[in-house]
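Hello,

Here is the structure I promised to pass on. My notes follow below it.

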Amino acid sequence: MNMVFNCHQERRYMMEKQEHLCNWIPIAIPFDRWHVSPPPFGHWLYGFFPILAPFVLKFYDALSFFQCPLSFVMNSNKAKSTFPTLNEKDIKYCAVFYEAQHNDARTNIAIALSAAEHGAAIANYVEMIQTITDPTTGKVIGVQALDRMTGRTFAIKAKRVVFAGGPFTDRLREMEVLGSDNQMQPAVRGAHGTHIVLPGYFCSHEVSRTTTATATATTTTTFVLNATSHASYHHPQATLLLSFCRWGFWTIIPATDASCSSFHGKDIL
Ligand SMILES: Cc1cc2nc3c(=O)[nH]c(=O)nc-3n(C[C@H](O)[C@H](O)[C@H](O)COP(=O)(O)OP(=O)(O)OC[C@H]3O[C@@H](n4cnc5c(N)ncnc54)[C@H](O)[C@@H]3O)c2cc1C
């Protein structure tokens, strides 16, 4: 619940600050039965999700203080006409709720350019390869950097060094010189999975849907209503959530479903 609340806050912040780079995505979850058995995620309550969904989604709206577009119920006739390629004949209804999407690459560039406008020095393809430590205090006072384009190394002095390395943050923290009895504890919980890129027509502008090849009585499928579409497929036995996301001309199906070491993978730049 805390995570959903924080996601709402983050979405609202992004929608306000970067309105031109963000958009709401209506996500429709079609139900073809009133009870799901065996229940998703192995909990009996989730078996009643087809009945509870509209109420759960209202609670979801409430966690945003009703700041996101409100969830609603789409009746079966409307669902069938909105999603003409819908395979399920016994569609009961669709529960529709809203998430948000932003163009992360453009957001990053916007942040970097804004920082530069306010006097920051910015660089691409420059890798931190070591911390610089004050020998008397033991504090980090800068980093040694490698320009990957030229091979040149140079020092950057700083009052504060922030390790914003995403999944690679522990590898950056490893470069801090710690006392012998001050072993670094990993801070990142890694996850890896399968990411499939399909042609865009798997997730059309009008409707996007999931494959029903593995659909079972316990399947939840979600569809999207517009060009920035997003759909998901839930496989309860594997407790796996797959999303069909429209991105440009392509359909992306990302899944980060398995834990891994945060030190997984070596090539970062
Ligand atoms: C396929 C996929 C789908 C995702 N979907 C979603 C989603 O739908 N919603 C959501 O909220 N999140 C999603 N995420 C997670 C989200 O992308 C990350 O949480 C977010 O990008 C983390 O941002 P960050 O700035 O902390 O790290 P990053 O974006 O990972 O940035 C870290 C940067 O540090 C750089 N770096 C590393 N080491 C060094 C070094 N030594 N020197 C210099 N630079 C270095 C890296 O090159 C990288 O550019 C998804 C992630 C993946 C992989």
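In what order do the 3 strands of the open sheet run? The order is 4-5-6, with antiparallel pairing. Strands pair here if DSSP finds at least two bridges between them. Strands (E, at least two residues) and helices (H or I, at least four) are DSSP runs, numbered from the N terminus. Strand 4 (126-133) and strand 6 (153-157) are the edges, each pairing on one side only. From one strand to the next, the twist averages 30 degrees, taken between lines fitted to C-alpha atoms, with angles from 0 to 180 degrees between N-to-C directions. Strand 5 (residues 140-147) is joined to strand 6 by 5 bridges. Ala-145 has Phe-154 in strand 6 as its bridge partner.

A word on the source. This is a predicted model: local features need pLDDT of at least 70, side-chain atom pairs count only at pLDDT 80 or more, and totals for chains, interfaces and linings use all residues. Residues are numbered from 1 along each chain as its sequence is written.

Now helix 2. Helix 2 (residues 49-63) has a kink of about 30 degrees, centred on Phe-55. The bend is the angle between axes fitted to the seven residues ending at a residue and the seven starting there. Phe-49, Ala-53, Leu-57 and Tyr-60 of helix 2 are buried (20 or more other C-beta atoms within 10 Å of their own, C-beta atoms being placed from the backbone). Just after helix 2, Phe-65 takes a positive phi of about 55 degrees.

Best wishes

Methods:
Buried ≥ 20, exposed ≤ 12 C-beta atoms within 10 Å, placed from the backbone.
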